[in-house]
Amino acid sequence: MAEEYREALLKKDDYYENCPGCKVDQLKELKKGFPFRDLISIWIVVLCTALPISTLFPFLYFMIRDFGIAEREEDIGYYAGYVGSSFMIGRALTSVFWGIVADRYGRKPVILLGTIAVVIFNTLFGLSVNFWMAIITRFLLGSLNGLLGPIKAYAVEIFRAEYQALGLSTVSTAWGLGLIIGPALGGFLAQETLHVHNEKKTSSNDSYDALEAATGASKGDETRTDDKGRKPSSNESLLKNWPLMSSIVVYCIFSLHDMAYTEIFSLWAESSRKLGGLGYTTEDVGEVLAISGFSLLVFQLSLYPFVERILGPIPVAQIAAALSILLLSSYPFIAMLSGLGLSILINCASIMKNVFSVSIVTGMFILQNNAVDQNQRGAANGISMTGMSLFKAVGPAGGGAILSWAQRRQNAAFLPGVQMVFFILNAVELIGLLMTFKPFLAQRQDKPRNGTA
């Protein structure tokens, strides 16, 4: 049966036997069932890539404190922000380069190098003995990890049209899940059992891109030709492609918000009650994020594709952003609770916030990949990763600085303490929401070559 399909494809004018890209198209024609294997492969690779990015957040507060670089408790968030930003700065400087490499030489070299970089530099970060070692290892981890852009392109190229939204949803689900499970693992495993007694005794209330797995698919974009034997045009300027650039700008705004929120949530939850925090331990934060991660996985794999087919990616993003603003407005009031009531509400709020964030990101993924042809997706996603990384580099530094500043103004007349933090987060989210409407956000009207419907 497989040989019959192969012979039928060979008779088509736009199929070439020695073309790796055509072989991928052949595999798509042969695979008529649900693509479990490809989905699982993408999910595992993206998850393993995302985990090291966020594992530091629950213990970063205590890591900076133990480095002894912060003179006051209120200054810990300031220094923590620089450590969190260093990864995104490194990725911002190299994302376009890795996208071009993936288009020209294939996905596998980028994936292999990125995987090796994660193993080496994440290990070195864990062994950091001072503030600057932590900064440098995180920067190198970001610079040499170029997986996310190629993975998003691969998720569109490998699946049949009816499964392409699910493929991108798998990327964003694994990515979001990694950003949640990472802090959970960090929270559960951060404190060692050794006794390290400081001179000052403190009260317990003050503790705070796509795996290219298809055979021969690494150079499909270079040898793929149209029905007249010509290569698809790659001279169209991506910077002049407004459907692409507008979706990237919106994606960057929401990425800034999400990264700042991720940084702030752990620092806020672990801050003392007198500073407006929850007084949680790393284990407490880990439990909240683990529950959120499981709920996010269920939502994205079961409900999101169904909702996206009915409403479309833009309305889903708009609804999620509006609800996120209302949700964050409740956080300062949740902090006033204690006991079981606090535990229930903060878990529910965390679940909803992460569901909203990943729904927005998935919608932007879909728009970006629909805006370009297959032969430009690596570079397009490289541009997207560069912009996103720049904004995400600002997120932790800005979020940590804002939290430190807000905690020093507990008695201010206007939005005292952490109320100012969540007000600023909502302002950024509102800007992103407004930019999802026309005429700013545009969609490509014609069908991309070798792309989604």
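Most peptide bonds are trans, and most residues other than glycine have a negative phi.

Helix α16 runs over residues 377–407, which makes 31 residues, and from its first C-alpha to its last it reaches 44 Å, close to the 45 Å expected at 1.5 Å a residue. How many of the residues of α16 are buried? The count is 23 of the 31, so the helix is largely enclosed by the rest of the structure.

One of the elements beside α16 is helix α5, residues 76–105, and the axes of these two helices come within 7 Å and cross at roughly 175°. An angle over 145 degrees counts as roughly antiparallel, and α5 and α16 are therefore roughly antiparallel to each other. The residues of the contact between α5 and α16 comprise 15 nonpolar, 12 polar and four charged ones.

Gln-318 belongs to helix α13, residues 313–328, and at a relative accessible area of 16% it is buried. Which residues does Gln-318 touch, if we do not count those up to four places away in sequence? They are Leu-433, Thr-436 and Phe-437. Leu-345, in helix α15, residues 339–370, is partly exposed, with a relative accessible area of 39%. Leaving aside neighbours within four places in sequence, Leu-345 is in contact with Ile-334 and Leu-337, while Leu-345 and Ala-335, which are 10 residues apart in sequence, have C-alpha atoms 9.7 Å apart in space.

Finally, a word of care about confidence. The mean pLDDT of the protein chain is 78, and 81% of its residues reach 70 or more, but over residues 201–234 the pLDDT stays under 50, although the model has 103 contacts beyond four places in sequence for that stretch. Where pLDDT is low, the predicted coordinates should not be read in detail.

Methods. Residues are numbered from 1 along each chain as its sequence is written. This is a predicted model: local features need pLDDT of at least 70, side-chain atom pairs count only at pLDDT 80 or more; totals for chains, interfaces and linings use all residues. Side-chain values use heavy atoms; hydrogens and water are left out. Helices (H or I, at least four residues) and strands (E, at least two) are DSSP runs, numbered from the N terminus. The expected span of a helix is 1.5 Å times one less than its number of residues. Buried means under 20% relative accessible area, exposed over 50%, partly exposed in between (1.4 Å probe, protein chains only). pLDDT is the predictor's confidence in each residue, from 0 to 100. Contact means heavy atoms within 4.5 Å. Axes are lines fitted to C-alpha atoms, for helices over the stretch in contact, and angles run from 0 to 180 degrees between N-to-C directions. Angles under 35 degrees count as roughly parallel, over 145 as roughly antiparallel, 65 to 115 as roughly perpendicular and the rest as oblique. Ala, Val, Leu, Ile, Met, Phe, Trp, Tyr, Cys and Pro count as nonpolar, Asp, Glu, Lys and Arg as charged, and the others, Gly among them, as polar.
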